[in-house]
Amino acid sequence: MSILSDIPVLSILLLLPVLGLLVLLLIPKNRHRAITAVAVVATLLPIVLSLWLYTDFDKQQGGATYREDAVWLEVPVNHEWTQEADIIFSFDYSLGIDGLSLPLLLLTTVVTAMAALAAIHVKKRRKAFYAWFLLLEAGMLGVFMARDLFLFFIFFEITLVAAYFLIGIWGYYNRERTANQFLIYNGIGSALMLIAFVLLVNTAGFRMEETARGLEMIYSGSYADILRNLADPNAWVNLPGAAAGGTNPFEMSGGMAWTIFVLLLIGFGIKLPIFPFHTWMLKVHAEAPPAVVMIHSGILLKMGAYGFIRFGLLLFPEQAREWAVALATLGLINLLYGAVLAFRQTEFKLVLAYSSISHMGIVLLGLAAFNEIGLQGAIVQLVSHGFISALLFLIVGSLYERTGTTELPALGGLARSMPFMSGMLLAAGLASLGLPGLSGFVGELLSLLGLFESMRWVTAAAVLGIILTAAYMLRSVLGITFGERREEHAALRDARFVEALPMIVLLAFIVLLGCYPSVLTDTVGVSVEGFMDQLFATRSGG
Amino acid sequence: MDFYTKSAWVIPLIPLAAFLALTALGRNYRKAGVIIGTFAALASFAMSVLVLVERFGQDAVDYNYSFDWIRISGYTLEIGFEVTNLTALMLIVVTFVALLVNVYSAGYMKNDERITVFYGYISLFTFSMLGLVLSDNMLSLYIFWELVGVCSFLLVGFWYTKPAAKAAAKKAFIVTRIGDAALLIGILLLFWYMPDHALGFTMIESVFEGQGGIIATGITTVIALLIFLGAVGKSGQFPLHVWLPDAMEGPTPISALIHAATMVAAGVYLLARTFPIFEASLFASDVVAYVGGFTALFAATIALAQNDLKRVLAYSTISQLGYMFMAIGLGSWTGGIFHLFTHAFFKALLFLAAGSVIHAVHTQNIQEMGGLHARMRITTATFAVGALALAGIPPLAGFWSKDAIMAVALEQNLFLFAVGLAAALCTALYMTRVFVLVFLGKPKTGSEGGLESPTVRAGGAGGAKESPRTMTLPLVVLALAAIAAGFVETPWNGWLGGWLSGEEAVAHVSPAAIIGSIAVAAAGIYLGWRFYGSDRTRPAVVKEAAPWLARLLERKYYVDEAYEFVFVRGLRALGTLLGAFDTYIIGGLVKLAGSAAGISGKMALRLQNGSIGTYSLAAVIGMVVLAAAIIGRRLLS
Amino acid sequence: MLPSYLTLAAILFCIGLYGALAKRNAIIVLLSLELMLNAVNLNLIAFSKYGVVPSLTGQIFSVFTITVAAAEAAVAVAVLIALFRARGTVDVEHMNAMRR
């Protein structure tokens, strides 16, 4: 038992950034130092907490202690099915963590703190920037902790709004257009997601409870209820008042399951992004301020994958398995299409944007493998790409600050004046192209290893993508750092300590994951171990 | 008794610690690089010697230890190390050459401002290479396989301001990555087909050896070919050889360490470790043998026409590696390893001597050199030893190891024997050419361009001076090794082969092979002397007689151009095509969706014209429709 | 008796509707609105007397309508006068300032 088990750790974690936000609002807006200090501290504290959670979770092998449930709103409704029980609709505040969300939680806190440090480049309206920034962090933490569909949706929307303003106000030249496009695309995704959630709650989100008022049938967005009801549709068949011997009214029809699955696939696919829904994400990469892109590419994209795994894959494994080939094809397209296009970009940020598409392809491939190795690979790839792309954009931000450009033809030979940053860039590039010893390799290896069991030729084609990744990554990284020094870059200074620190921290995580991946896979394994087998066993048995 | 064997994992960690220390120190401590790097290499070498001594003991057993790297319900990926006679031998080779290169670089890189970084990279490479050698399974081997690749990349691009170095580094990484990708697929195949998903070499041996049928022949062949493709990339065999000559843009000590003695030989080592797989597939063995033989001859012919000193040596390396693959393909992996062993010494020697020359004359073009023998006696003498060893003159090391291969070839495959002889002829010929052009004759002055190190500038060949002690000492040591190393296995005494394979040592005297090799080598040297030594007009005659041939060789059979045309441009064209697709089709669809919304909005706007009359008319029409609908429904039902 | 009242009311309503839609003078439009309101009043009273469940409610309702209509007419005419002072016209076609 842990000493923290009685304290609502998750809520505290969620509220820390909000607290920081409130403090921030009290500070006059011209006190730049105080604002930065408060914001950075407010992002650093969650790291401590999430690290603590991470280690404690491992010790407990499950972390079931970390659940917080509270009823938020209860609405009685009419329902024609049974007269025996009162029917109540309940909106819950329900947080929880498991091996799938915990690594992403840690990723979120670390990357956000590093991005907060990187945001010292922001000059205009710093207070407002950090205010939105902290709100964004709270939203992201909420997304990964929420165990209620509607709560998840609310947090998901909070991130959307916060990111919208961060892009729209502090972005580069084309910021407003980009922010609007971001909002519209993701709004469509959210709408589809909401429809899917409503359908889910309506068909599977109920439980029976004996309360002081008598037997109650409670409809809510509780993930646990939905998971159980979907896995075992006969759980409630012997209800009092149910028509005996008739068809089970709770059994979800195949058509309904498919509808929800496809809605979720598209909804989260836009966020991921899956080809051909990727165009908005290119613009965001190119136009948003670097600190925001760190978060966007490092965490926000992961929310799409996380949502798809949690709601698409784990709730509808049969549908997903039937579409495994399609998923693998999509993944392969993402991987190769992104890689080939990354090869021809002349703007470094766009290279990285297409590279993100390419790497998300590997996540899809891992998921399509439909075994535990592949799933683990996909999750490792998520976390690893989070760190790597955050590091890359951190460097890009510092580079842009000095050179005023990220166009490859205008850069070159920077290793001479900035050896440290060039070294970091090279290390990040190597991590991105999957060098063993750095985290990118583990994700790729496990994903491909898993996929190979079921789809050999797809895997072979995917390995081709690894070669292409090397080609475009080296082309752009060497284009920036190697070569003759240019006159206009002669006087540039290398990274300051505040800039160097987050780079070192991120690289340390990348190296740790690359050298000792068990630190991640064991945690994920606690929750995912045997998950799929179990799921299939119960379903085929029932 | 086996204390050192059990703690062999320390050997790679020493250079790793050196790398970390040097990286942390930064570039300001110039002396630190030399001291830390060299002592780390020395410590590793000492440990390796102790391990080797233990391996000579009568009761030496293979030792391996591994830990779980990743555990996923039922599957385990392990990382571990294993000490066998073969790994012990490789440890010696790697640490020995690394140590000498460390010493040598203290002189060669003296004036480079990034000398600390250089030593850091070398230490990192040494770590990776030792890790590769010690690996006990395919996965950890692959990890270190990639790491040595990246070290090679870093060191080839060490002088990063030179565009040629940048291009060469990139090419080295990407071309070898093609092979690596194949190797990765091979490992994936192995993982899913091996019993218990084991990847350890011991398991591979027991599965593939003898008891056939566990893994189907077709799959075995595929696995073997994929592994071989990985080796082809790393060891610069045709058709993935193109990166190795370009890699000569790196500092010369690097060429000696990585691109002659150790890393490029990793392919041979890999095949030796997974030899049972090749034994189980006749077809794969044949492919290995023929690719090796072809590369041996192919690269040797190219070497004939190159004018860059280091490139000649690079092609020579490719050619010699071809011999090693030929040996393995013909079923004698010990022969391949033997040649690897001797080749490491004399090729490292040749490169270091070449570096000494380049250091003195500041050019790599052999046409601009000459007459160095008077000014650089030690370099000349040691280079001569290396050249003779390479050409295969007894009793130098190269003769014995090449003879071992030729003897096998004579037994197994006459055609490959002939190919080997032809390649040996070319080898002797081009080495004579290089030696004559560089060291004999009269000095040519006024050489410009082709400067290797931008930091040093001095006169041409005329003003050359012998290199400092730190550089000549390794030369002498290596020369001694190049003379003596061959005696571990002679036709009358198959000690090395027996020790490596653990079987009874067999003598394989083959007079035909011996006589053939010697005769061909002698003929090559004689021809070379006639061509380049006594009468220097002869090369021009050949050029006139067959200009296309000379051109073909000079341009390296146009392989680079073909690749450029097919792959680089192909990829670029595909990129442009997909780029257009992305912009116009996908972007167009997005725009279409956007403008559809816009247009429908405009249409709706038209209704809102501000005239109350229109609004109320619309309201009335709506009401009438509603009424009609309600009444109609009543009437119908 | 009921149909004749209803017919009369319908005729009155249609006349009012026509005037409200077709006339351009705002005063005429107002008058037409009054006509329509009174048609409704007529209906209410007719139903309260001759409907299925006769009651006083309909007549009370029509009294309310008349009061509201008076207030409405007063406000509308006031607005029209103000508009006429500002614009110099009471043509409904010109009253489209809220467009866009």
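In helix 17 of chain B, the residues B:Thr380, B:Phe383, B:Ala384, B:Ala387, B:Leu390 and B:Ala391 meet B:Thr427, B:Ala428, B:Met431, B:Phe435 and B:Phe439 of helix 19 of chain B. By class, this contact of helix 17 with helix 19 of chain B has nine nonpolar, two polar and no charged residues. These descriptions, like those that follow, refer to a predicted model.

**Helix packing**

Two packed helices are described by the angle between their axes and the distance between the axes. For helix 17 (residues 377-391) and helix 19 (residues 414-439) of chain B, the axes come within 9 Å and cross at roughly 165°. An angle over 145 degrees counts as roughly antiparallel, and helix 17 of chain B and helix 19 of chain B are therefore roughly antiparallel to each other. Helix 17 of chain B passes helix 19 of chain B in a left-handed crossing.

Chain A contains a further packed pair. Helix 13 (residues 348-369) and helix 18 (residues 456-481) of chain A pack at an angle of about 160°, and their axes are 11 Å apart. That angle makes helix 13 of chain A roughly antiparallel to helix 18 of chain A. The crossing of helix 13 and helix 18 of chain A is left-handed. On the side of helix 13 of chain A, the residues in the contact are A:Phe348, A:Val351, A:Ser358 and A:Leu365. They meet A:Ala462, A:Gly465, A:Thr469, A:Tyr472, A:Ser476 and A:Ile480 in helix 18 of chain A. The residues of this contact between helix 13 and helix 18 of chain A divide into six nonpolar, four polar and no charged.

| Helix pair | Angle between axes | Distance between axes |
|---|---|---|
| Helix 17 and helix 19 of chain B | roughly 165° | within 9 Å |
| Helix 13 and helix 18 of chain A | about 160° | 11 Å |

**Chain interfaces**

Which chains share the most contacts? Of the two pairs of chains in contact, it is chains A and B. In that interface, 37 residues of chain B are in contact with 42 residues of chain A. Strand 1 (63-72), helix 6 (138-156), helix 7 (163-193) and helix 25 (559-607) of chain B each supply at least two residues of the side that touches chain A. Helix 7 of chain B provides the largest share of that side, 13 residues. By class, the side of chain B that touches chain A divides into 23 nonpolar, seven polar and seven charged residues.

The contact between chain B and chain C takes nine residues from chain B and nine residues from chain C. On the side of chain B that touches chain C, three residues are nonpolar, six are polar and none is charged. No contact joins chain A and chain C, and their closest C-alpha atoms lie 23 Å apart.

**The sheet of chain A**

Chain A has an open sheet of four strands in the order 1-2-4-3, with mixed pairing. Strand 1 and strand 3 (206-211) of chain A stand at the edges, each with a single partner strand, so one side of each is left without a neighbour in the sheet. From one strand to the next, the twist averages 40°.

Strand 1 (residues 67-76) and strand 2 (residues 86-96) of chain A pair in the antiparallel sense over nine bridges. Within strand 2 of chain A, A:Phe91 is the bridge partner of A:Leu73. Strand 2 of chain A is joined by five bridges to strand 4 (residues 214-220) of chain A, and these two strands run parallel. A:Asp86 stands opposite A:Glu216 in strand 4 of chain A, and A:Phe89 stands opposite A:Tyr219 in strand 4 of chain A.

**Backbone details**

A cis peptide bond joins A:Leu272 and A:Pro273, with omega about -10°. A:Pro273 is found in the loop between helix 8 (254-271) and helix 9 (279-287) of chain A. In chain B, the peptide bond from B:Phe238 to B:Pro239 is cis, with omega near 5°. B:Pro239 is placed in the loop between helix 9 (217-234) and helix 10 (243-246) of chain B. A:Arg125 has a positive phi of about 45° although it is not a glycine. A:Arg125 lies in the loop between helix 3 (101-118) and helix 4 (126-145) of chain A.

**Confidence**

The predictor gives the complex an ipTM of 0.88 and a pTM of 0.86. The mean pLDDT of chain C is 88, and 97% of the residues of chain C reach 70 or more. Where pLDDT is low, the predicted coordinates should not be read in detail.

How values were computed: Residues numbered from 1 in each chain as written. Chains lettered and ligands numbered in written order. Predicted model: local features only at pLDDT ≥ 70, side-chain atom pairs only at ≥ 80, totals over all residues. Axes fitted to C-alpha atoms, helices over the stretch in contact; angles between N-to-C directions. Parallel < 35°, antiparallel > 145°, perpendicular 65-115°, else oblique. Left-handed = near helix turned anticlockwise from the far one by under 90°. Contact = placed C-beta atoms within 7 Å. Nonpolar A, V, L, I, M, F, W, Y, C, P; charged D, E, K, R; others polar. pLDDT = per-residue confidence, 0-100. Pairing = 2+ DSSP bridges.
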